[in-house]
Amino acid sequence: MYVLHLLIFPISWEWRELSAGLSISRTSYKETIETRIEPIAYSLFVPVFIVSIGLNVTFEGVGRQVGFLIVLILSAVVTNFLGAGLGAVLTGFNIRLSLAVGSGMISKGEVALIIVATGLQTGLLLPEYWL
């Protein structure tokens with residue numbers, strides 16, 4: 001099914017991988033594949049991805065925007081922490097687990113990095129807007 005999907009809908013790699021994951025998650029092989037792929041992903045692919053994003057970062061012009069960056073970072077941390085933590089409390093988690101959920105959501109920037117990288121590659125995001 002996945003190969004057929006690729007032939008019919010030639011789309012970006014992010015959506016193809018997401019489609020593959022969704023397709024596999026519906027099979028009886030999900031647990032086996034997940035158990036075998038997870039160590040490889042977290043020890044090889046995720047670090048390589050983060051390094052490839054870091055290679056495109058420059059700190060040119062950051063000095064002029066320090067105040068904005070501090071406000072942006074603090075608001076991201078606070079809203080992720082409170083939003084996820086409050087959501088966990090409202091769904092029945094105890095306070096300790098809710099704090100853990102809120103803390104875990106602070107670092108969810110990988111998806112944003114994928115979106116930025118795709119925007120840069122396709123020309124939708126101009127390089128001067130990327131730090």
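**A closer look at one helix**

Mentor: Happy to! In this predicted model, a network of salt bridges links Lys30, Glu31 and Glu34. Let's take the pairs one by one. Lys30 forms a salt bridge with Glu31, and their closest N and O atoms are 3.6 Å apart. The side chain of Lys30 also meets that of Glu34 in a salt bridge, at 3.4 Å from N to O. Both distances pass the test because a salt bridge needs the nitrogen within 4 Å of a carboxyl oxygen. By this rule, the count comes to two salt bridges.

Why can Glu34 and Lys30 meet? They sit four residues apart in helix α3, so about one helical turn separates them. In general, an α-helix has 3.6 residues a turn, so residues three or four places apart point the same way.

Lys30 is partly exposed, with 28% relative accessibility. Glu31 is partly exposed too, with a relative accessible area of 48%, and Glu34 is partly exposed at 38%. These values count as partly exposed because they lie between the 20% limit for buried and the 50% limit for exposed.

Finally, follow the rest of the helix. Helix α3 covers residues 30-54 and has a kink of about 50°, centred on Ala41.

Technical notes:
Residues are numbered from 1 along each chain as its sequence is written. This is a predicted model: local features need pLDDT of at least 70, side-chain atom pairs count only at pLDDT 80 or more; totals for chains, interfaces and linings use all residues. Side-chain values use heavy atoms; hydrogens and water are left out. The bend at a residue is the angle between axes fitted to the seven residues ending there and the seven starting there. Helices (H or I, at least four residues) and strands (E, at least two) are DSSP runs, numbered from the N terminus. Buried means under 20% relative accessible area, exposed over 50%, partly exposed in between (1.4 Å probe, protein chains only).
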